[in-house]
Amino acid sequence: MIITGRVIYNTQDFSQIKITRTPPLHRLWGIVEVNEVGGYSGGAKGKPSQRIIQNSFLLNMPANHIVSFNRRDRDDDAEWCHRRPHKKRKHKRFDEDSTLVKYKVDNTQTNGNGNGNGSVKRSCQKPRQAKKPNQQKEDLLAKREALRPFRRSLPIFSAREHILEQIRSKATVIIVGETGSEIPQYILEAGLASAQHGAIAVTQPRRVAAISLAKRVAEEVGTSLRQKVGYSIRFDDTSSPSTLIKYLTDGMLIRELLSDRLLLKYRVVVLDEAHERTLRTDILFGMVKAIQGQRAEMCRRGEGVHKLKIVVMSATLDAERFSDAKILYVSGRLHPVRIYNTIEPQSDYIDAALVTIFQIHLEQPMGDILVFLTGQEEIETLEKLLKEHAATLPPTASRILACPIFAALPTAQQQRVFTPAPRGTRKVVLATNIAETSITIQGIRYVVDCGVAKVRGFNARIGIDSLSVHPISKSSARQRTGRAGREAAGFCYRLYTAETFNTLEKDTVPEIKRCNLSSAILLLKASGIEDVLGFDYMDRPSRASLERALVQLYALGAIGGDNGKLTDLGRQMAEFPLDPTFSKVLIQSQHHNCTAEVISVISLLSVDSIFYMPQDKREQASEARRKFLHGDGDHLTLLNVLREYDKAKGDREWCRENFLNVRNLEHVLDVQKQLTQFCIRLSISPTTTCGSDLDAVLRCFLAGFFVNTALIQPDGSYRSVVGQQTVNIHPSSTMFKKKVDAIMYNELVFTTKEYVRGVSKIQSAWLTGVAPPYFNNVKIP
DNA sequence: GAGCACTGC
């Protein structure tokens with residue numbers, strides 16, 4: 001093996017590093033009560049007990065076991081550039097070096113548990129042959145009995161009675177801990193929910209979680225889906241009137257709330273994963289709290305309504321913000337993870353990650369490695385470097401297999417990370433934040449954390465979305481660390497110093513404080529909460545952000561009058577599972593006779609890109625795209641693709657040939673179908689078509705996107721009509737480098753520049769007449 | 001002449 005400028009830890013042998021704390025952390029489970037704490041946003045009155053601090057230690061290991069990443073003889077004379085350090089680097093070559101550590105391959109450690117996506121597979125599989133109902137029922141009951149000992153062995157089982165007692169006696173209970181998945185069954189078993197009193201709703205931020213939990217709990221309860229246990233997510237509902245535990249995505253419960261303002265179907269609402277602080281969980285929490293108050297009041301007046309119980313489940317200790325409710329702490333069963341920090345700050349974390357991976361590979365026992373990076377580009381770069389260097393490994397060393405994963409990757413390639421590596425091969429998963437919460441990969445024992453992530457932001461003052469790389473928070477770092485300790489004790493290599501860790505924010509800024517709120521505000525109004533400024537926010541968004549959302553809704557006609565009351569149009573807009581701008585366009589389409597086309601284009605724009613652009617086949621991909629091109633821009637080009645896709649009858653091979661993402665195209669069809677149904681419900685004919693007059697489609701979009709327009713300047717740049725902001729057409733757009741009088745765009749995001757995406761040519765004359773108040777002071781040539 | 005993390009209805 002060749003190394004020039006060998007890069008090495010300088011270094012202590014890992015086996016000599018001592019852990020100062022006692023190892024049997026998993027025995028620390030238990031339940032601890034904490035004093036009642038005060039209202040949120042005003043800060044906590046209660047202090048976590050000593051016991052909790054011990055529990056939090058599960059992930060917050062001391063960072064004093066340090067291995068440096070100092071290297072000598074860097075071969076690159078590199079001035080590294082801050083944004084993309086890896087681009088300027090010459091690739092290192094490895095030299096023959098006898099000091100590399102040989103080790104015995106122990107495959108059992110890698111693959112013992114690595115049976116891919118096991119948790120999902122554990123779910124109930126329907127027998128192929130139809131069985132007699134009695135037989136089926138017996139099977140289900142037998143399965144339930146078989147699972148009983150396992151359930152009783154869970155740490156939380158010992159706390160069962162205590163938790164139930166609290167839920168019985170208190171209106172709201174907050175449960176802090178890693179494992180709370182048993183709670184809904186406990187509530188059901190205790191008779192707190194029933195057909196007469198109402199069911200249990202359990203919300204999840206993600207669809208897959210709702211599905212897999214419902215399947216697992218159905219088994220444990222001894223029922224099949226659609227009976228006592230079911231789930232309800234967009235495009236898929238397995239609940240029924242007899243469902244007593246219903247798993248929903250949080251967005252889905254908000255939808256239910258629009259038609260059942262008091263959630264009378266439910267006796268208990270469980271908000272799971274509340275620590276993630278998604279926009280919808282935050283909003284939902286305020287909503288159910290208000291409902292709880294209303295129902296208690298009705299109950300007092302003897303109106304025959306049951307009180308609503310709220311259970312909030314959160315993995316972190318920041319629970320005081322949630323409310324003045326009872327807080328229970330339950331700790332889960334995670335294995336200890338040893339954390340290493342670098343001695344020196346790393347200027348180039350891609351390089352540091354590369355070194356670390358080989359260091360682990362050559363010196364540490366088998367076990368897969370998970371590397372956190374910021375995005376597709378970095379992942380592809382590191383994958384390439386890994387492959388190059390892996391080819392030069394000495395024949396005695398075991399192999400290394402790089403598996404990239406990020407959301408834009410086609411499903412088939414995503415599946416690779418769940419497949420166990422072949423015997424004698426170590427899997428290195430290169431992931432974005434997707435691996436932090438959304439997916440769990442078996443067999444990971446080592447985590448390499450670069451300490452940064454790409455996050456979406458929103459500048460309310462100028463109204464621009466941004467996407468940029470920021471340091472992660474402490475809780476996010478712990479979450480990444482925890483990914484190494486799911487099956488056995490693990491190791492986490494942080495590519496930053498312990499001092500840097502200490503400077504990180506405690507928690508990630510909740511989504512509600514960094515995104516455009518117009519959609520959320522419309523939902524609040526539609527659910528009966530008129531005073532959105534006075535709403536009970538867990539974290540209050542800035543006034544500028546709230547006002548900007550109100551102004552936008554006002555301009556769209558969703559709210560009106562002096563008091564900003566919801567209009568009839570606004571009520572219709574809230575019905576659609578779309579951003580308010582899209583809803584406006586869709587409703588407007590009946591006046592332009594192009595509803596069919598508009599449904600298609602909205603469906604295309606509201607899913608992730610249908611074009612697949614692998615880095616190495618970029619030329620072929622853009623060549624393939626050329627045949628769909630429409631001269632007026634992206635909206636109609638997308639429409640062309642969908643029409644051709646229909647003609648090809650959704651053939652997957654055809655998609656692959658044309659570099660189209662099958663999953664996203666199939667998703668387009670789902671959305672299209674759903675929007676069609678919603679239109680019928682609102683008496684908008686979904687089949688009205690404008691034929692070949694496609695200008696009508698673009699004019700119709702302008703009714704919602706009048707703010708997203710820009711005019712050409714004498715110097716050839718574009719400047720937005722509202723705000724006079726210079727905007728650049730994104731290279732992925734068909735309008736890239738084109739110069740026309742005026743453009744309309746789907747979104748404006750600041751990354752390295754102000755880029756607009758989803759761009760179409762418009763005539764500047766169309767601008768007069770749409771949303772007049774906006775253009776009163778704007779000069780249109 | 002240059003590139004968007006993740007999730008949801």
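1. What percentage of the 781 residues in chain A do buried residues make up? The share is 42%. Buried means 20 or more other C-beta atoms within 10 Å of the residue's own, with C-beta atoms placed from the backbone.

2. This is a predicted model, in which local features need pLDDT of at least 70, side-chain atom pairs count only at pLDDT 80 or more, and totals for chains, interfaces and linings use all residues. Residues are numbered from 1 along each chain as its sequence is written, and chains are lettered from A and ligands numbered from 1 in the order written.

3. Chain A has 25 helices and 24 strands. These are DSSP runs (helices H or I, at least four residues; strands E, at least two), numbered from the N terminus.

4. Around DNA strand B there are 38 residues; R207, G375, A407, R456 and P577 come nearest. Near means a C-beta atom, placed from the backbone, within 6 Å. Elements that each supply at least two residues of this surface include α11 (376-390) and β15 (452-459). The surface divides into 15 nonpolar, twelve polar and eleven charged residues. Asp, Glu, Lys and Arg count as charged; Ala, Val, Leu, Ile, Met, Phe, Trp, Tyr, Cys and Pro as nonpolar; the others, Gly among them, as polar.

5. Strand β2 (residues 172-176) runs parallel to β9, joined by four bridges. Pairing requires at least two DSSP bridges. V173 stands opposite K326 in β9. Four of the five residues of β9 (residues 326-330) are buried.

Key:
A residue is buried if 20 or more other C-beta atoms lie within 10 Å of its own, exposed if 12 or fewer, and partly exposed in between; C-beta atoms are placed from the backbone.
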